[in-house]
Every structure is written in C-alpha cells, then in structure tokens.
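This report walks through one protein chain for a reader who is new to structural descriptions. Please keep the sequence and the 3D view at hand while reading.

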Amino acid sequence: MELKEIAEIRNWTLAFFAIIGAFITIRTFRNNNQQRKLDNTFKIIDYLRKHIGNEQIERFIELFQANNPITSKNNEFKFSNGYIEFVEDMFTDGGCGNGEIYNLIQLFDLISISLNKNLLKTELIWYEYGQMISKCYEWTSQIEKKIKNGFQNFHQVIENL
C-alpha cells in the first residue's frame, strides 16, 4: 500500500467517526431538551398546584356550572340562587369569582409564554389543567371581542362626525 492510499483510508475513517460523533451529539442534545421540557413541565405543574387551591377550583366549578349555555347567554353567569353576573365582572374588585378566576388567568398567562416557546410538554399541562385553561380563555376572549367591537364602533362614530 502506498502512503496516499493509507492517508485516504485514514481520512475516510475519520470522516466516518465524525459523522457518527455528530449523530450522537445531535441525538444527545435532543434527548436533553426533551428531559428539560419534562422537568420544566413538572416544576410548572407543582407551581400551579401550590397556587391553585381548593377555593379557586371550587369557584371555577361554580362559575363553569353557572355559565351553562342552555340556561344562560354567552357571556353571563346564572347562579343557582338566581343571581346573574357577566364575564366582565370577573375582573372587578369583589365581582364574580372574588378574584379567584382572575388569579387563575394570571397563572395561566404566566405559563402560556413557555407553552408558546415550546419549553413545556403541552400534553401534560393540558391533561392537568386543560379544561380550566380552555374555559378561562373562552371567557376572556369574549371580553376581547366586546372591546374590539366597541373600538370599531368608536371609530365608526368618529368617522361619521
């Protein structure tokens, strides 16, 4: 064997090991990211469990039942005692929910950034708190729609002047 052939075999061997090393490095990086996502998710779930107590969950259940689409309008809460409140009242002092729902929404807002950046295992968060997140989002989106419609109506009034 000539020196050129030995050098070429050595170069191909080095290239082969470099490709295997790169593959192992990328796979390890991905596995570490998945483990980090899992760790972050369990930390967030633990945080939520510490900050969402029985009072908030009971209030959510009460409001969820009061917001029945069969017995009430889209943005109102009709309680078993006949009392009616609107979704906007959840965000006033002493209003519907006594602040528990507002606190829930603030906590979910904190984790939404991490969910959007794909830093958490979404399935686990949704498994634990999905129905609450979905319903709170539905309630707050009704407020956004109302504000947006009011803003558009305001512009129409201004244009008509």
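A residue counts as buried when its relative accessible area is under 20%, as exposed when that area is over 50%, and as partly exposed in between, using a 1.4 Å probe and protein chains only. The model described here is predicted, so local features need a pLDDT of at least 70 and side-chain atom pairs count only at pLDDT 80 or more, while totals for chains, interfaces and linings use all residues. Residues are numbered from 1 along each chain as its sequence is written, and side-chain values use heavy atoms, with hydrogens and water left out.

**Overall layout**

The protein chain has 4 helices and 2 strands, where helices (H or I, at least four residues) and strands (E, at least two) are DSSP runs numbered from the N terminus. Read from the N terminus on, the order of these elements is α-α-β-β-α-α. Of the 161 residues in the protein chain, 27% count as buried.

| Helix | Number of residues | Expected span | End C-alpha distance |
|---|---|---|---|
| α1 | 49 residues | 72 Å | 71 Å |

Helix α1 covers residues 3–51, and its buried residues are K37, T41, I44, I45 and L48. In α2 the buried residues are Q56, R59, F60, L63 and A66. Seen down the axis of α2, these buried residues fall within an arc of 125° (taken from the directions from the helix axis to the C-beta atoms), so they line one face of the helix. The face of α2 turned away from its buried side carries the exposed residues N54, E58 and Q65.

**Aromatic pairs**

Rings of Phe, Tyr and Trp (its six-membered ring) pair if their centres lie within 6.5 Å, and planes under 30 degrees apart count as stacked, over 60 as edge-to-face and the rest as tilted. The structure holds 4 aromatic pairs. In one of them, the rings of F60 and W139 have their centres 5.8 Å apart and their planes at 45°, so the pair is tilted. This pair links distant parts of the chain, since F60 belongs to helix α2 (residues 54–66) and W139 to helix α4, 79 residues apart. F60 is buried, with a relative accessible area of 6%, and W139 is buried as well, with a value of 0%. Ring pairs also link F60, F64 and W139 into a cluster.

**The largest pocket**

On a 1 Å grid over the protein atoms alone, a pocket is an open set of points, where a 1.4 Å probe fits, with protein on both sides within 12 Å along at least five of seven lines, and lining residues have an atom within 4 Å of a point. The largest pocket has a volume of about 370 Å³, a volume being the space filled by probe spheres set on the grid points, which are joined across faces, edges and corners. Its lining consists of 17 residues, of which I105, F108, D109, S112 and Y137 lie nearest the centre. Helices α3 (100–116) and α4 (122–160) each supply at least two residues of this lining, and the largest share, 9 residues, comes from α3.

**The loop between α3 and α4**

N118 is found in the loop between α3 and α4, and N118 has a positive phi of about 60° although it is not a glycine.

Technical notes: The expected span of a helix is 1.5 Å times one less than its number of residues.
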